[in-house]
Amino acid sequence: MGGRAELLARAGEHLERGGGPAGVLLTGPAGIGKSALVGALAAQAGAAASGETTVLRCLPTWAERGLPFLSLIDLLDGVGREVVTGLPGAQRDALESALAGGRREPVPERERDGLALRLAVLSVVRRLAARGPVLIVADDLQWMDPPSAELLAFAARRVAGLPVRMIAAARVEGEGESEGAGGTRHLRVLPAPALELPVPPLGYPQLAEVLARHGQPDVPRAALRDIHRVSGGNPFYALELARALAAQPVPPRPGDPLPVPGSLRELVRERLAGLSPQARHTLLLAGASARPTLALLREAGRTRAEEEIAEATRSGVLAQDGAAGAAGPNGPNGPTGPDGPDTPAGRAGRGGVVRFSHPLLSATLYAEATPAQRRAAHAVLARVSADPIERARHLALATPGEDAHLARTLQGAAAAARERGAPAEAARLGLLAAERTPEAEPGAAVARRLDAAEDALTAGEPVLARSTAHEVLAEAERPADRVRAWIVVIDSAGQAMAEVDHVFPRALADAGDDPRLLAPLRYQFAWRALLVTGSFPDARAEAARAAELAARVADRRTELLALSLMAQAEVLMGHPDAERTLARALAEPQDPRVACDHNGPVYFRFRSLLMSDRLEEARAVIGGLVRVAERRGAVESHVLFLRGLAETELRAGRCALALDVAHSCLRLATDAGVGAVAGLQLAALAEAAGGSTRQAATLAQRAVHLSEEEGDAVYAARGLAALGHARLVGGDARGAVPALRRARELERAQGVTDPARGRWHADLAEALVRWGGREAEGEAREVIDEARAAARRLGRESVLAALDRAEALLRAPDDAAEAAELLRAATARFTALGLRLEEGRTLLELARVERARGNAASARAALEAATGLFRTARAKPWLELAAAGPGPGRDRERGGAMGALAGLAAMERRVAGLVSEGATNREIAARLCVSVKTVEATLTRVYRKLGIRSRVDVVRLTAEAEAEAEAEAEAAQRA
């Protein structure tokens, strides 16, 4: 149900509110997905109801709308005979007479008693409601026969106080449709309070999911974008368009419109049929233009354009307010506000865009025009278009066949689009340029295709880039062209570089011993070492080799990229040359193409600042990179830089902002098909800080699954670290340990030694301590000592503070005073670094330790300070922890004393149980056949895990757990 979760949640809340009646009406055009939502909502309502639910269903159709009482017959089909026969005589006779309408003949007036029939339907509903909840489900309410609708309306007004719910859907088309512009008239059939919810169109990623579920998983991104625009987010329209596209024997050429199947043309043909030939001609020009205005149409020779626009508006083809659908098949999305007199033509004449009421109307007009009519339209628009890019596009669509001059014009337009930050448009224009290049210029055609492929990569269209590169490889002979194409194929794989591992030997063979070709190829080998084998030492060696080759042939761009990757590997390895290598990467001369590259030295400088806790400097650098990437239309860089911005805000404790940016980044990554795994990992961390720990764990699990599917060991480790963190914050220390242990194993195998890279070390130590057991404590000590040594050597202050917090948890059972001092020192360090969330987390731990020491005032002060920091940071999960008070830091899989005791190991629970019975340590040792020292050590662990100090507290907690268990048993018995 992608994209509809909010609607289902709102509908579900409305239906579950109180014990009385309620109704939900879903409205929208045909194909928008109302029926699927009705089914999901009905299942949801049935599951939420207490007791067995009686479900009454009907599905009226257009062909049966004139048959009286047919919907009533369908609704009562599953009702037991005794319900009807038990009615008073007059009501029973009237209802049976109406149900005899199953003869599909009108029931004679003399056989019906109107009031008795109404009362009969009401009585049936009341009798069913006396047994339990009643759920009425009616799809396509607009086709319900009037007598059935009237009876339902009568009953709906008289079920106050009864557990009667109704879920219905009604078709409500856009402006100009016969069904009207709203669902208000259908609400009378539903019991009050009734809520009307328009079903919104699907967003781009949700539409892609729908197509994949229905057998269309491989639609190219460029075509998918067109399908989304032309369908207006309507899943039925989108599926029909995708199937028509898949049925074509030859894929569409650049600039070709989507094929509109007959099934969709029929939906809009009636509305278009009333247009005069002159209006159709004008609208064809409007549909072919990216931004049609009245002034443009007049310039194109449509002297009566104002009248023809008014005609189309009256027919519902154009939007009344200028704010509906897109301008045309190649036009922009989004509304343009009115500017001028309050008429469609007036607004268009004053600069507003002429807009179709639905993009499908424009697409159908364009599809039904003959090729000659389309070429003529584009020829006219080429003459009157002021924009050089738009003019070149129209020229290409107006001029069939090869043309050297046109090809050069298109190549120039592609360069202009690239400069404007429109790489997707540059890619399309470049492909058109290659297509129009004469056969006598094969080298020019190859160069234009390669430019287009690289533009497609920049625009986040890897499928188009890869297919174009393979076209080049099928015909190119020059080694330089072939290596360049192989690099596009490699880059198009993104993080899933293992999928193109077979490409590297073939690319090396084409490169030969030419250092100009080997330098960029060796740079790709460095990334392969990182993403496929997960080895930072190998990545460093390959990057160094690439940098040396590039320097030898003065390829500064490749040299800078290789030095940046080399510096990154060295930092994470803790290599002593890291700062010197980064300085080389930042030295002049710089290459402008590298300045905002997501693998360039400026971005790595940001990473270095962030790892060194210099947050304000890091924010300034990443903010500038975000703006540049957005301006240039560099999608992959934009995704990565947004992720960096979200991470910076998260570290600074701006949780709400970090959560918002992280989800924006994830949406962009999903839309573009680049960096989704990394986006999921960061969104998980943001959710754990400012949203929901459950959602955080879900996102992190998806990140781990996808990275393992892609063979990406680097992001598998990062995803596991996020998963462990989410579980720890959510109170599941036991579940956090395996994920964090796996992250540790993967980073060790990769040669990562800088603990500021993943920042999971303190989490693992804390989870081990909370989980318990001497073996776990020994592992926690090993993790802390190992990470502390690296953090001291590299100057990672925030990592050291976090490790001190974990150390305090380890020491608290034996020396609470020393633990408190460690926590105070860590708090001061976090304060100095400006890491407010970490400061609050440490204060919360201090409150727990002080409470265990019996220092109520100190515990209260620390808790209040932590709460204030969490509230300022809008750190929802941490606020919930603080609200629970400075209680024991235990697993919260179950709440209260039962949850506390459930977090103990088996031996610890047995010792605690015997303590609660009043047994001494010697008696416990004898009962369990262990030494007294073992009992004492076990009891110490019990105290630490439960956050208590004495045997009296054990007895109290055990009594509370028994009371909670009895309460749960009584509640289960009542249920």
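## Charged groups over aromatic rings

A charge is taken to sit over a ring if NZ of Lys or CZ of Arg is within 6 Å of the ring centre and within 35 degrees of the ring normal. In this predicted model, the charged end of Arg528 meets that criterion over the ring of Phe504, at 5.8 Å from the ring centre. The charged end of Arg522 likewise sits over the ring of Phe525, and here the distance to the centre is 4.6 Å.

Strand S3 covers residues 134–138, and five of its five residues are buried, so the strand is largely enclosed by the rest of the structure. In a regular strand the side chains alternate between the two faces of the sheet. In S3, Val134, Ile136 and Ala138 point one way, Leu135 and Val137 point the other way, and all are buried.

On one hand, S3 is joined to strand S2 (residues 54–58) by five bridges, and the two run parallel; Val55 stands opposite Leu135 in this pairing. On the other hand, S3 pairs with strand S4 (residues 164–171), again in the parallel sense and over five bridges. Ala138 has Ala168 of S4 as its bridge partner.

S1 runs parallel to S4, to which seven bridges join it, and Leu25 stands opposite Ala168. Five bridges join S1 to strand S5 (residues 194–198), also in parallel, with Val24 opposite Leu195.

## Cysteines and disulfides

A disulfide is a covalent bond between the sulfur atoms of two cysteines. With a limit of 2.5 Å between the sulfur atoms, the count for this model is zero disulfides. Two of the cysteines may be described by their accessibility. Cys58 is buried at a relative accessible area of 6%, and Cys655 is buried at 0%.

## Aromatic pairs

Five aromatic pairs are counted in the model. One of them is formed by Tyr603 and Phe606: their ring centres are 5.6 Å apart and their planes lie at 40°, so the pair is tilted. The two residues are three residues apart in helix H30 (residues 601–611) and are therefore separated by about one helical turn.

Tyr603 counts as buried at 10% relative accessibility, and Phe606 counts as buried at 0%. Together with Phe641, Tyr603 and Phe606 form one aromatic cluster.

## Buried charged residues in helices

Glu747 is located in helix H37 (residues 733–750) and is buried, with a relative accessible area of 3%. Its side chain makes a polar contact with the side chain of Arg757 at 2.8 Å.

Arg436 belongs to helix H20 (residues 423–436). Arg436 counts as buried because its relative accessibility is 5%, under the 20% limit for that class. The side chain of Arg436 reaches the backbone oxygen of Thr399 at 3.1 Å. Between Arg436 and Leu406 the C-alpha to C-alpha distance is 7.0 Å, although they are 30 residues apart in sequence.

## Backbone exceptions

Most residues other than glycine have a negative phi, and most peptide bonds are trans. The peptide bond from Ala192 to Pro193 is cis, with omega near 0°, and Pro193 lies in the loop between S4 and S5. Glu588 and Pro589 are also joined by a cis peptide bond, with omega about 0°. Pro589 is placed in the loop between helix H28 (578–586) and helix H29 (592–595).

Two arginines have a positive phi. For Arg759, phi is near 55°; this residue is found in the loop between H37 and helix H38 (761–771) and is partly exposed, with a relative accessible area of 27%. For Arg874, phi is about 55°. Arg874 lies in the loop between helix H43 (856–873) and helix H44 (876–883) and is exposed, with a relative accessible area of 58%.

Key
Residues numbered from 1 in each chain as written. Predicted model: local features only at pLDDT ≥ 70, side-chain atom pairs only at ≥ 80, totals over all residues. Heavy atoms only, no water. Buried < 20%, exposed > 50% of the residue type's maximum accessible area, 1.4 Å probe, protein only. Helix = DSSP H or I, 4+ residues; strand = E, 2+ residues; numbered from the N terminus. Pairing = 2+ DSSP bridges. Phe/Tyr/Trp six-rings, centres within 6.5 Å; stacked < 30°, edge-to-face > 60°. Polar contact = N/O pair within 3.5 Å; in protein donor to acceptor, adjacent residues only side chain to side chain.
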